[in-house]
Amino acid sequence: MKPAFFKSLVVAASIASAGWLATTTTTLAQEVTLRLHQFLPPQANVPKLVLDPWADKVEAESGGRIKIERYPAMQLGGTPPQLIDQAQDGTVDIVWTLPGSTPGRFPSTEVFELPFMMTNAEATSRAYWDLFESRMKDTEFKDVHVIGVWVHGPGMLHSKTPIEKLEDLTGMKVRAPTRIINTLLGTLGATPVGMPVPQITEALSKGVIDACVIPWEVTPALKVPELVENHTEFGGDHALYTTTFVLAMNKAKYDSLPDDLKKVLDDNSGQEFAAFAGRTQAGADGPSRQIAVDRGNNIITLDEAEVARWKEASQPVIDNWVAEMDGKSLDGKGLLEDARALIEKYTAAQ
């Protein structure tokens, strides 16, 4: 073999090797798999209509370089209240959860769960995002990277016996999702029973609870219309309550991404995503309600006079919460005023 030829062969091989190494290194650096963990079964409306479309969009806009593995119904272990810790400590990459599942850690979010606070899910979700950015991002949520925050549609009562007036709630064992809603139910005369959503079906079937509060949209996945025959709505723009949600990512995982992949996530985060999630979740209320109607269940809609009684009875929950937040130097009055102003602003803009 001639020396010149041998030398050129070595150079060519070196170039090829270097190219392969560079390509492989680039691929490894830019391709990422994220594990998304949440508590509902995959056929439920939130994973089906919100989380899966969001994940599909992120994957598509990343050119396939981001892969989001979806783990419903706590498949990766733990309980729903542990989800936020799983995101924070990196056990998983992304979680969808309720801030209220860990009482005391995200107190500012409770302002949106106060009785008769929300108007509709889209406007309230937009307000929630604004208040998150101004008051929560660098304080209560500083240990995670937040992708979106939102609320569900009007919360209501589903019960074994009819609830047609405030007094019908007295002594009834009612499931609630968070501290504020437990407090509300107790103030209204019920016996509140705190539990995550996945436990509702068994609790109703075994008589552990007499009723539950959830929005219409989640009732089919939990078989609620089959387990109770009565559903109490509050009519018009009134909502007894709503629940706050967060889609949160491990902060170190987000920070480790190359800038172009961060941008993909950023483009699918924020207020517009919050509005989409709230609007979409509430949009599933109607079809879910129809299932109960088709079964011949008893749909009770309280009139204005009766709703006014519930509002008056629930006012101490608001007053006590403001005082509690003020006692923690969290400016409860300011939070309440800001939340109401933002909800009014975004409701009027619709």
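Which residues in H13 meet which residues in H14? In H13 they are Ile-318, Trp-321, Val-322, Met-325 and Asp-326, and in H14 they are Gly-332, Lys-333, Leu-335, Leu-336 and Arg-340, where contact means heavy atoms within 4.5 Å. This is a predicted model, with local features needing pLDDT of at least 70, side-chain atom pairs counting only at pLDDT 80 or more, and totals for chains, interfaces and linings using all residues. Residues are numbered from 1 along each chain as its sequence is written, and side-chain values use heavy atoms, leaving out hydrogens and water.

**H13 with H14**
- Helix H13 covers residues 304–327 and packs against H14 at about 125 degrees, with the axes 7 Å apart.
- Helices here are DSSP runs (H or I, at least four residues), numbered from the N terminus.
- Axes are lines fitted to C-alpha atoms over the stretch in contact, and angles run from 0 to 180 degrees between N-to-C directions.
- That angle makes H13 oblique to H14; oblique is what's left after under 35 degrees (roughly parallel), over 145 (roughly antiparallel) and 65 to 115 (roughly perpendicular).

**H4 with H14**
- H4 (residues 121–136) and H14 (residues 332–348) have axes that come within 8 Å and cross at roughly 135 degrees.
- So this pair is oblique too.
- Among the H4 residues that meet H14 are Ala-123, Asp-130 and Arg-135.

**The core**
- Trp-54, Leu-169, Leu-247 and Trp-310 touch the most other members of the largest nonpolar core, which has 104 residues.
- Such a core is a set of buried (under 20% relative accessible area, 1.4 Å probe, protein chains only) Ala, Val, Leu, Ile, Met, Phe, Trp, Tyr and Cys residues joined through side-chain atoms within 4.5 Å.
- H4 supplies the largest share of this core, eight residues.

Definitions and conventions. Helices (H or I, at least four residues) and strands (E, at least two) are DSSP runs, numbered from the N terminus. Buried means under 20% relative accessible area, exposed over 50%, partly exposed in between (1.4 Å probe, protein chains only).
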